[in-house]
Amino acid sequence: MNETPIRHSPAPQHMPGTAGAGIGVLLHRPRLYDFFVELALLGRAPSFREQLLGLAALRPGEVVLDIGCGTGSLALLAKEATGASGIVCGVDASAEMIAWARQKAERAGAEVDFQRAPAQALPFPDGRFDVAFSTLMLHHLPKKARARLAAEARRVMRPGGRVLVVDFAAASPRKGLMRHLRHRHGNVALPEILALLEEAGLDVVARGAVGIKGVHYALARVPAVS
Ligand SMILES: C[S@@+](CC[C@H](N)C(=O)[O-])C[C@H]1O[C@@H](n2cnc3c(N)ncnc32)[C@H](O)[C@@H]1O
């Protein structure tokens, strides 16, 4: 039985790069998702996102990718933080989330490149980005696909680039609205996140809680070329 008001559904299995492991679970109700996030975070969603940008230490002019960007809220803020010379892209495998993110960008007059694509096969060349985010999306992926996301994030990063992964890393609250934001794949324990990043060739430089129950982050760097 699906108890959650946010409809989850398995995605079509024919997206590139998803053979074998499957694509994960996509969301299809962007307006409801935005409403729910605001409600579940009791109005703290904007400050939560600001905190994430701060953890990644975004700078003007940087090239930023949001993997599993959902409705694009973080990508839009990243555009503000990186300024006119910054380039921000967001990918999500859900057509509905991407359509809504594009509408939000248009309304805000913000130039953000939102594309429908799977995290397992990012439509970007090697070494394109300074910063990549994966927020609250890793738990949507089947286990095998999580390693693929980490490898793809590593591939598209420049030497010295930063990757910030944020997810439900600890046991979930059984009560309250936050439980509805969690998909049935459940949480991804912090040691699993750290191992995924390290196995992809990234150096974990910071980790910790983000002030929302059960949600943790790991910040990793791409080794600089010597
Ligand atoms: C809980 S939402 C998080 C959205 C956003 N990052 C945030 O922090 O609000 C997870 C998102 O991951 C997307 N997703 C799931 N599997 C995916 C995949 N394989 N590739 C890209 N996006 C995926 C879903 O469609 C959904 O929009």
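**Why these words? A first tour of the model**

Biologist: Why is alanine 57 called exposed?

Modeller: Within 10 Å of alanine 57 there are 12 other C-beta atoms. The label exposed applies at 12 or fewer, so alanine 57 qualifies and is exposed. Please keep in mind that we are looking at a predicted model.

Biologist: Where does alanine 57 sit, and what makes its phi worth a look?

Modeller: Alanine 57 is in the loop between α2 and β3, and it comes just after α2. Its phi is near 50 degrees, a positive value in a residue other than glycine.

Biologist: What makes glutamate 62 count as buried?

Modeller: Glutamate 62 has 22 C-beta neighbours inside 10 Å. Buried begins at 20 or more, so glutamate 62 is buried. You will find it in the loop between α2 and β3. Leaving aside neighbours within four places in sequence, glutamate 62 touches Thr82, Gly86, Asp130 and Val131 in the contact sense. Threonine 82 is 20 residues away in sequence, yet the C-alpha atoms of the pair are 5.9 Å apart.

Biologist: Why is isoleucine 212 called buried?

Modeller: Isoleucine 212 has 20 C-beta neighbours inside 10 Å. The buried class asks for 20 or more, so isoleucine 212 meets it. This residue lies in the loop between β8 and β9. Beyond neighbours within four places in sequence, its contacts are Leu41 and Phe48. Phenylalanine 48 is 164 residues away along the chain, with 8.5 Å between the C-alpha atoms.

Biologist: How do you know that the span of helix α2 agrees with its number of residues?

Modeller: Helix α2 has twelve residues, and at 1.5 Å a residue they should span 16 Å. The C-alpha atoms at its ends are 17 Å apart, which agrees.

Biologist: What puts the buried residues of α2 on the same side?

Modeller: The buried residues are Arg49, Leu52 and Ala56. Their arc around the axis is only 55 degrees, so they share one side of α2. The face turned away from that side carries the exposed residues Pro46, Ser47 and Gly54. As for packing, the buried residues of α2 meet α3, β6, β7 and β9.

Biologist: And how do you know that the buried residues of α1 are on the same side?

Modeller: In α1 the buried residues are Pro30, Tyr33 and Val37. They cover an arc of only 55 degrees around the axis, which puts them on the same side of α1. Arg31 and Leu39 are exposed on the other side. The buried residues of α1 pack against β2, α2 and α4.

Biologist: Why is strand β6 described as largely enclosed?

Modeller: Seven of the seven residues of β6 are buried, so the rest of the structure largely encloses this strand.

Biologist: What makes β6 a partner of β3 and of β7?

Modeller: Two strands pair when there are at least two bridges between them. Strands β3 and β6 have three bridges, in the parallel sense, so they pass that cut-off. Here valine 64 has valine 131 as its bridge partner in β6. Between β6 and β7 there are six bridges, again parallel, and phenylalanine 133 stands opposite leucine 164 in β7. From β6 the chain crosses through helix α5 to β7, in a right-handed β-α-β crossover.

Biologist: Which residues come nearest to the ligand?

Modeller: Among the 23 residues around the ligand, Gly24, Gly68, Gly70, Ser94 and Thr135 come nearest. Strands β2 and β4 are the elements that give two or more residues to this shell. The largest share, three residues, is from β2.

Biologist: What is the overall tally of helices, strands and buried residues?

Modeller: There are six helices and nine strands. Buried residues make up 43% of the 226 residues.

Note on methods: Residues are numbered from 1 along each chain as its sequence is written. This is a predicted model: local features need pLDDT of at least 70, side-chain atom pairs count only at pLDDT 80 or more; totals for chains, interfaces and linings use all residues. Helices (H or I, at least four residues) and strands (E, at least two) are DSSP runs, numbered from the N terminus. A crossover is right-handed if, with the strands pointing away from the viewer, the path from the first strand over the helix to the second runs clockwise. The expected span of a helix is 1.5 Å times one less than its number of residues. The arc is that of the directions from the helix axis to the C-beta atoms. Two residues are in contact if their C-beta atoms, placed from the backbone, lie within 7 Å. A residue is near a molecule or strand if its C-beta atom, placed from the backbone, lies within 6 Å of it.
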